Amino acid sequence: MSEKLVTIYIDGQSYEVPAGQNLVDVAKFYADNDIPVFCYHPKMDPVGMCRMCLVELGSIMLSRETGEIEYDENGEAKIRWFPKLVTACTQTVSDGLVMRTDTPRVQAARDDIIEFILTSHPLDCPICDKGGECPLQNLTMRHGPGKSVFHYSDKMHLAKHVPLGELIYLDRERCIQCARCTRYCEELVGDDVLAFHQRGRALQIVTISDPPFDTKFSGNTTDICPVGALTTADFRFGARPWELKDIPSIDPYTPEGANISLSIRLDRDAGGVHVIKRVMPRQNEYVNEIWISDKTRFGHHHTRAEDRLTRPLIREGNALVETTWEHALQTIQARFEAAKTVGALAGPNQSNEDLWELRKLLQTKASAQLGLWPALMSGGDVVRQVGVATGTNFTAMGSDTVILVVASDHEEEAPIWWLRTKVAGDRGAKIIVANPRPTKLSQYATYNLAYDYGDAVGAINNMVAKVLNSDLADVDLTSSRIDGFNNLATAVKGERARNGFAEPVEALATAENLIILCGSEGLTLEEHAELMQACANLLITTGHVGRPNNGLIPVWPGANTQGAIDMGFTAEATQAILENAPDLLFVAGCDPIGDALEANPLKNAGFTVVTALFETETAAALADVVLPRQSFAEREGTFTNGERRVQRFYVAQSVVGESLPDWKMFAQLHAMLGGPQPSVSAGIVMAAISQTIPEYSEMGYRNLARIERQFPDVGGDDLYYGGTAYQNAGGLGVQWPVVAEDSNAQLTVRPVNAEKNTRDGLVVIPTTVLYDRGVLFKRSALMDQRIPSPYAVFNPADAADHDIADGDSIGITIGGQMLPVKGIVDDGVPEGVILLPRRLTDEPSPFMPVPVEAIEHISKAVVATEG
């Protein structure tokens, strides 16, 4: 918001408000005056289409001679009124602005607009999914006339069940042509997938993309639609809004930590237990604002999947059979006591409480190894030093900010960060994409910097060299606060500047704020550790640490990888476990055998305990005991997002079978082995964490549940202003501070191994796609059409060398295993590499770059011919 305050007058009352703000926003936030709107939305540019926000507007008259306020004979300030009513949504506030919202003239205009909108609107509120939370319904009750001057025979009858793809349905009779949906897709998301068709009263929304409504954020249009025109296939005719209870929760899939509300009710078809009927966004302007991806919205069905594990399993011979909790835990206890070495692989959906109790259990043995899965990324120590400072918020990033995205296909790996980065670019932030191949973010980037796969560290190190070998450094590098500067300066001295790097490096070095988002595409674990340090070197040498909107954000895989690292789990420990498996291994909430290319990466493991929602490949092939765990929707806990914000999720639906939260299983085992009695709640577990982990000292559940009024003020009773995104009643979370925020703390820079990793022959580069066949997401059948068939992307030269045409069915042999895929030819792919998305089949695929052993043809693509 603007820091300059001006005085405005609303219905005779004066208010001090920030200059330049939208008048509708200001009236709501400062005057508690809900000006009715349909087309206006506080997250989009105003268009003044619906005319519902008409008001009387004027300004205080000033003397031309003195500049002083002119007064009438009664001592009242003179006001110059506009001759006609004005749309409030297209006005910004300035000093002396005067507005009247409650006059008969204004009320009559609003009544007329409602009457006109209702001329062809169906009277089907009792069966409309929006009924009970519908802006048009609410405003009709407030402003609608008791009868209409229009004839019923003039009503337009249009199609009422129009699929805009498999996720969203359009009722054309209900649509009031506010254009919120089309503007959201085009302006905010940048996906030109919806448009108006025809003219006049026949105007209607159509999809113009192939496949239809092709965006990863389509569900958000149903939230901001002010009527029941857009509904989701997931919720359509599923429940009434007033039957639902909304439970605060957190996205279980990606590292942004999007705040959501789980709408639940007792469901007859589910046996009279509480189930999730829909997932809605929950406002958190620090995290996801009011948006969620379609994966978050529609990917909840694993929580009630029919193949959920309901009882413990134990191996008898070659089969897993059901057993009691008592028998399962006693069996594990005996093997644990006998084991000399123990270890764990923890998945990204383990809560902080789960991880803490698992750590406590394993550390009763001196040999404990705490690994995380997938073991793709490193650098937790770097994040503790130069992660983004507390108070960082993408909504505050504009022309004074540079956002550098490295080694990440942002939209596929972290869609909310992608959206917020793109919108920051719309506000003037400079976006630099450094990647070997173009991604969707590349089209919005100010600068696109290409490097070869295997050379990511060298690319960032070259930026550091450019800074140090010029006058761009914005910090006293000889300061005692910076450790290792001389070694770094010597290491990069004289490094040749790369073509095209000079201008973007100068832009980021001289910017007021710099954010670096660091992914792992095309990197080994060792290379990623070096890349994280190179990013830290760049931030420190340019002085972009320790301040809000400055620092490093790792694009971790999964919802709580940051939390796992905070609890002491590392990818390096995973490597050690894979190389020398312990006598007893816990595989908690992950499926390494189902994910990894090797036939059995843990074949040498001793006694193995798996906690899982389903009988995974790891459970079937390796487990001696399988313990049924609860999903995120059945328990409470916390996740820590990639910006280090610790956030709570709450119990929503009824427990499935005899499943338990992981932390309770581990705590019970610990007690059986002579440890303390288990905590009675996850909140008490977090209290123990806050007393032991310094960064979590302020993370008690009461602190995490704190809320504050947010701007814009959406999700209230008005609904027509911000849509059906929910106000935050569950807490905004708490972000833990990094070392750089302490002005007396020492920062460490060090030379990195920037030698290019050259590989002979074709190399498979694993990539991430948002819609995959991961254990959880593939159980949302509604999303099947969005999960692509397995494919591999070739450079045209490599495709020609192997006689591969676009669409051919081929087999790629890697690690002795042949993977059948569809070949795609794309000149955006560098020569010498094949891009292979992870988790698109139920077969394992590589997680790290790996050489190709052979390519064979299965069938040629069928080419359509004109008949």
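Axes here are lines fitted to C-alpha atoms, for helices over the stretch in contact, with angles from 0 to 180 degrees between N-to-C directions; helices (H or I, at least four residues) and strands (E, at least two) are DSSP runs numbered from the N terminus. This is a predicted model, where local features need pLDDT of at least 70, side-chain atom pairs count only at pLDDT 80 or more, and totals for chains, interfaces and linings use all residues. Residues are numbered from 1 along each chain as its sequence is written, and side-chain values use heavy atoms, leaving out hydrogens and water.

Take α4 (residues 180-189) and α11 (residues 415-426): their axes come within 9 Å and cross at roughly 80°. That makes α4 roughly perpendicular to α11 (the label covers 65 to 115 degrees). The contact (heavy atoms within 4.5 Å) involves, among others, Tyr-184 and Leu-188 of α4 and Trp-418 and Lys-422 of α11.

Now for the cavities. A cavity is a set of points on a 1 Å grid over the protein atoms alone where a 1.4 Å probe fits but cannot get out, and lining residues have an atom within 4 Å of a point. The count is 5 cavities of 30 Å³ or more. The largest cavity holds about 200 Å³ of space, with 17 lining residues; Thr-222, Thr-232, Phe-235, Arg-278 and Met-280 lie nearest its centre. β14 gives the most to this lining, with 4 residues.

The second largest cavity has about 90 Å³ of space. Of its 15 lining residues, those closest to the centre are Cys-175, Cys-178, Cys-181, Cys-225 and Leu-230.

Conventions
Angles under 35 degrees count as roughly parallel, over 145 as roughly antiparallel, 65 to 115 as roughly perpendicular and the rest as oblique. On a 1 Å grid over the protein atoms alone, a cavity is a set of points where a 1.4 Å probe fits but cannot get out, and a pocket is an open set with protein on both sides within 12 Å along at least five of seven lines; lining residues have an atom within 4 Å of a point. Grid points are joined across faces, edges and corners, and a volume is the space filled by probe spheres set on the points.
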